[in-house]
Structure formats: structure tokens, C-alpha cells
Amino acid sequence: MSIRCNCNFLLWIILLVSANDVMALTKKNPQIISSGFGENENTGCPRLQVIDNMLYAPGPDGIKRHSKGNTASWEPFAMQGMNVIDFRIYDEDIIAVIIPEEYSQIPGTDMRDIARLVKGKVTGSSFVDITPPKMEYIYHGEILTGLSAIAQHPGYRERVMVMGQGGIFQSKDFGETWEKISDYRATYNQHSFLGWHPQHPEIMYLTSESAFFVGIVYRSTDGGMTWESFEPDPYSESSCHYIAFDPDDANHLLISGEYKIYESFDCGESWMTVFEDHNNDNPILGYAYNIIYDPKDTTNSTVYAVGHANGGTARNVVRSTDKGKTWQQCMTYDFDEEFNFIYDAALFDGKIWIYDYKDIVYWDIDGTSGMEPAVFDNIQPTIYYDLTGKRLNSRPASGIVKEKRGESSKKIVL
């Protein structure tokens, strides 16, 4: 597979954030447990998925998965050695958004501009580039894509959508052919939602924001032929992120925003602000990303939202026990570094899993309210780097490497 990009040029146009030598997991909060996944500083905002009672996470070393239970650990699943942002599976085939190998070691950078879409077998090692040609655009002679989201139909699993700088494209044969269905394109918002309504799959949604930073929800009720737009809060600079669908009421939607959560009771025709962080100096949620219904609650009344505070180091989880009417902070923790960006979050095995650039960590919600006690002590993974700073997949048999565990690092001779 040949990617027509000039590495030196992209190094010049992309703002590099140098990799920090500290891997501090938490600060004075033993509630947050490292899952041992490790760092992912070179990314386009990877997404977690729960498939058949297992948690899947794409990253710089391919796709890994985690089973239930406190003794379980991450195991390789597919596409080892490839830097994967997101993926979808249909039968034995897999479609994935990847970062090309020649750029996979650039740390701390949003790599969506140069991402490519590939397809192959789940168990295979060879993949074909299937990026829609009309998704590509030219910038200073370079071919870029801006691939930002991929979605899969809830009923017809061979149908997928992708969004990038060229608009929204749909495939009905799992990536063999593509049809452009919208000119709506990716913005700098990495947490845009793209997908079908699970109870009304003829309805499609995209969340974004305007040039004036006003949150927007795009909706199509005819399979993508026409689209309409709605502004949940037209007088606020609050980008729209994730959409949560009420399992009991298909018309009831919740959307996460910046310091806000919005609610609709008519499938997105009208919106109201149901939660707002009024104290920006000490927010209980901040930038809200994921909204997740708790599957253990048979009444579908318990909902969690995960976010981070802008300008601070706090990551936050809030909970509602009345379908989103009222919210209370139930967990907060700090990283020892200023970079506080969250990629994604998921509820799996009774735990909130949070994926950011330093690790995938989890918090055991334990099915009760309020701040929870520690499950067990933090477990910091050991990560190895060669002397150039390149991360190694495992401990080598010989040589000189840098060994990092938690906040400590040292050079060792093997």
C-alpha cells in the first residue's frame, strides 16, 4: 500500500508536541486503576467498542481486547504492528482507519489529516487501501483526508459510513463501493458522533459545530438523501459530541456538549439544556464526551457522562439516576500533567473505562452512588523504548533500552 505524502512536509505543517518522559497515572486517587494498555500519544482520537461481551481498543500496536474479570488483561486481537484509530467488523472482514507507518512515531499530534481507510481479513496481515477518492483533498501538493469518524448500521452490518474532509460517504457492501451522501465535513472537533438511530435506523445523525463554535446536530430521516440542522443552544459556544439513545423511548435523546448536556423528546426536532456547569472555576463535568446508559439498571434510569475540565487536569464522571434530569459528580481524578484530553470512554464489566493519551484506566462503579472505595492498588504497566525513543512492543531479548514504569524510568542492559 503506497501513501502519497511527504513526511518532511507534514512534520513542518503539523504542530508537534514532544513526548513527555513522565507516565504519571493518577494523583492521590487510588480509585482509578490502570488496565495496563499503555501510552498512545500518536492518534486521531481512537474509540473503544464493546463487542460480544469483550472490550476492544485500537492503538499504536493494533487492536487489543479485554475480557471480563479482575484477573483479565489485554490480549492482541487484530492488525498487530499497525497504528489503528477505529475499526468495524463484518463476518471475517475488517475495515479500519489507520495512521500510515511512516507517520506512526510522531507523538502528541492529531493525525486525522493523513489517516487512511483500509480493509482486510480480521486474521490477516495484508490490507488494501479503500479510502474513497473523493474523500481526498490537496494541500500544498499533499493528498490528505481528514478521516474523523466511521459508523456501522445497527441492522445491516455490511453498511458503513465514514466522514472526512470530503464529506460523508456510505457503503452498502462493506467498503467495496462508496456513495457520497452529504457535503457535511469534519471539523477540528474530534468527538463528533456519526451514526444511525438504533431504534429507527432510517434516521442518521452527525454532531458538529459551526464556524462560530455553536453546536450543531445534523439529521437525515430518509437514509441520507436530505439533511436538516438543529442548534441545541444557538447562543452558546458549546460543540456537540456524543448522542445517547434512551432504550425505553426512541424519541428521547441526550447529547454531550462543552460544560453542558442537552435533551430532546422528539428525536432531535427541539432541544433543551438539562445540565450546565455554572461554576467554570470548579466544574463537576467540564467538556462532556461520552453519555452511557448503565445496562445493569433494568429501569434504564441510570446514566453516566464522562468529561474533563478545560484548563485543568481533572477528569470527571457524573451520574444521573432519573434518565438525565439531574446529575451528581460521582468520581474525579487528576493526572500530573496539563494535557487532559480524553479520547473515549465505555461502560464494561461494571466499570467506567477511560481512554486517553497515557493509558486506559477504569473506575469500578460497584452499582452504588457516591464516591467508591479503591478496588485494589494501581498497577502501572512496564513499557520499553529503544534509545531513539521508539516504543517497543515487548521487552527485547538483548540490547540497551529505556524501561518506564509509572513515574520512574531507567536505562537497562539486557
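Guide: Patches are made of residues with over 30% relative accessible area and no salt bridge, like charges being joined within 9 Å and nonpolar side chains (Val, Leu, Ile, Met, Phe, Trp, Tyr) within 5 Å; a salt bridge is a side-chain nitrogen of Lys or Arg within 4 Å of a carboxyl oxygen of Asp or Glu, and accessible areas come from the Shrake-Rupley method with a 1.4 Å probe, only the protein chains shown counting as cover for residues. Here Leu-387, Ile-400 and Val-413 make a nonpolar surface patch of about 320 Å². The model is predicted, with local features needing pLDDT of at least 70 and side-chain atom pairs pLDDT 80 or more, while totals for chains, interfaces and linings use all residues. Residues are numbered from 1 along each chain as its sequence is written, and side-chain values use heavy atoms, without hydrogens and water.

Visitor: Why does Val-413 count as exposed?

Guide: Buried means under 20% relative accessible area, exposed over 50%, and partly exposed in between (1.4 Å probe, protein chains only); Val-413 counts as exposed because its relative accessibility is 68%. Val-413 is found in strand β35 (residues 408–413), strands (E, at least two residues) and helices (H or I, at least four) being DSSP runs numbered from the N terminus.

Visitor: How many residues of strand β16 are buried, and which residue is the bridge partner of Val-160 in β16?

Guide: In β16 (residues 167–171), 5 of the 5 residues are buried. Two strands pair if DSSP finds at least two bridges between them; β16 pairs with strand β15 (residues 160–164) in the antiparallel sense over 5 bridges, with Ser-171 as the partner of Val-160.
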